Amino acid sequence: MKIVACNSNRPLAEAVAASLGLPLTSASIRRFADMEVFVEINENVRGEDVFVVQSTCYPANDNLMELLITLDALRRASARRVTAVIPYFGYARQDRKSGSRTPISAKLCANIITAAGANRVLTMDLHAAQIQGFFDIPVDNLFSAPLFSRDIMERYKGRDLMVVSPDVGGVVRARAMASRLNTDLAIIDKRRPRAGVSEVMNVIGEVEGRHCILVDDIVDSGGTLCNAAEALIKNGASGVSVYVTHGVFSGGAVARVGASPIENMTVTDSILATEAVRVSSNIRQVTIAPLLAEAMRRISEESSVSSLFN
């Protein structure tokens, strides 16, 4: 078993390798003067079970090309099996046609990852579960819910909690979390009455006097979560905390979260934290390295991974 780290999130790859007690495989992943990606594997990988760790986050296209070229290099080096470990799967939000003459980019990414030489994919909290079906190779989609539920029970023990979905599309995810915590579920109903009129946030559920836990898979601009937090406070919630798997934090998202009523936002390290995230007073990271490491160990040993989904 060998682990190759690309450049998008090397600290996570190092933490995974440390959990497994293995060194990272020596590889050179660099750019030519015109920014073409060049990959060279500096160790013999013939007949090996190789895992490539790479989140396709910002800059998404550069990181995706790094992954594809690394997969091709390993296939041509006669690796026995190559597993693409993609903690954050970029383009996942483009999982359907959003209008006429638009692409399904998540399906395109699945096709090219397979064509590049991946025999298997290990990822986490896909934006839509059906993306697993876009691949013609096995896909293991891990969940952050067990990690988050343990953290919530430790940090908010004794509080009257309520899990909240920030939109209708996230109800299944929030319901699963509410079931783990044995607490109630509320939903934010977001709608725009007409073009040019700001969104109205309606809270479905009795949140008055309760500490609300907003649960989502991705925080990008932060607008939806910050608006949801404001709506919950207006409806009498005693406080609002947020648990999100993938911290994209584009544009002024970190400042927006800092100025919001959100007490604390917890994200995983599926995406490397920027300096703004690291110094933020109300954003914290929890690591998924042990979970990824255990999944990789089980895949390598051909043992069951399904218990990690629970």
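Colleague: What volume does the second largest pocket have?
Modeller: In this predicted model, the second largest pocket has a volume of about 430 Å³.

Colleague: Which residues are closest to its centre?
Modeller: The lining of the second largest pocket comprises 23 residues, and Cys 57, Tyr 58, Gly 247, Val 248 and Ile 271 are the closest to the centre.

Colleague: How does that lining divide into nonpolar, polar and charged residues?
Modeller: The lining of the second largest pocket has 14 nonpolar residues, eight polar ones and one charged one.

Colleague: On to the largest pocket. How much space lies in it?
Modeller: The largest pocket holds about 840 Å³ of space. Its lining consists of 37 residues, and those nearest the centre are His 127, Gly 170, Arg 173, Asp 216 and Asp 217.

Colleague: Which elements give two or more residues to that lining?
Modeller: They are helix H4 (145-155), helix H5 (171-181), strand S11 (211-219) and helix H6 (223-234).

Colleague: And what is the make-up of the lining by class?
Modeller: The lining of the largest pocket has 14 nonpolar, 12 polar and 11 charged residues.

Colleague: Which residues does the UniProt "binding site" annotation cover?
Modeller: According to the UniProt record, an unreviewed entry, the annotation covers Asp 34, Met 35, Glu 36, Arg 93 and Gln 94. These residues span 61 positions in sequence, and the farthest two C-alpha atoms are 29.8 Å apart, so the annotated residues do not all gather at one spot.

Colleague: Which of them does the lining of the largest pocket include?
Modeller: Of the annotated residues, Arg 93 is included in the lining of the largest pocket.

Colleague: Where does Glu 36 lie, and what does it touch?
Modeller: Glu 36 is in the loop between strand S2 (27-31) and strand S3 (37-41). Residues up to four places away in sequence aside, Glu 36 touches Arg 30 and Arg 31. The relative accessible area of Glu 36 is 46%, and the residue is therefore partly exposed.

Colleague: What about Gln 94: where does it lie, and what is it in contact with?
Modeller: Gln 94 is placed in the loop between strand S5 (81-86) and helix H3 (105-116). With neighbours within four places in sequence left aside, Gln 94 contacts Pro 103, Ile 104, Ser 105 and Ala 106. Its relative accessibility is 33%, so Gln 94 counts as partly exposed.

Colleague: Tyr 91 is in that loop too. What is its phi?
Modeller: Tyr 91, in the loop between S5 and H3, has a phi near 70°, a positive value in a residue other than glycine. Most residues other than glycine have a negative phi. At 29% relative accessibility, Tyr 91 is partly exposed.

Colleague: And Phe 249: is it buried or exposed?
Modeller: Phe 249 counts as buried, because its relative accessibility of 10% is under 20%. Phe 249 is not a glycine, yet its phi is positive, about 50°. It is found in the loop between strand S12 (239-247) and helix H7 (253-258).

Colleague: A change of topic. Which residues of helix H1 are buried?
Modeller: In H1 (residues 10-20), the buried residues are Leu 12, Ala 13, Val 16, Ala 17 and Leu 20. Viewed down the axis of H1, they fall within an arc of 135°, so they line one face of the helix.

Colleague: What covers them?
Modeller: The cover over the buried residues of H1 includes strand S1 (2-5), strand S4 (49-53) and helix H9 (289-300).

Colleague: What does Leu 12 touch?
Modeller: Not counting residues up to four places away in sequence, Leu 12 touches Pro 87, Asp 269, Ser 270, Thr 287, Ile 288, Ala 289 and Leu 292. Its relative accessibility is 2%.

Colleague: Finally, how much space lies in the largest cavity, and which residues line it?
Modeller: The largest cavity holds about 40 Å³ of space. Tyr 88, Phe 89, Ala 92, Met 124, Asp 125, Leu 126, His 127, Asp 217, Ile 218 and His 246 form its lining. By class, these are six nonpolar, two polar and two charged residues.

Key. Residues numbered from 1 in each chain as written. Predicted model: local features only at pLDDT ≥ 70, side-chain atom pairs only at ≥ 80, totals over all residues. Heavy atoms only, no water. UniProt positions renumbered as here; feature names shortened; annotations may be inferred. 1 Å grid on protein atoms, 1.4 Å probe; cavity = no way out; pocket = protein on both sides within 12 Å on 5 of 7 lines; lining within 4 Å. Helix = DSSP H or I, 4+ residues; strand = E, 2+ residues; numbered from the N terminus. Buried < 20%, exposed > 50% of the residue type's maximum accessible area, 1.4 Å probe, protein only. Contact = heavy atoms within 4.5 Å. Arc of directions from axis to C-beta. Points joined across faces, edges and corners; volume = space filled by probe spheres on them. Nonpolar A, V, L, I, M, F, W, Y, C, P; charged D, E, K, R; others polar.
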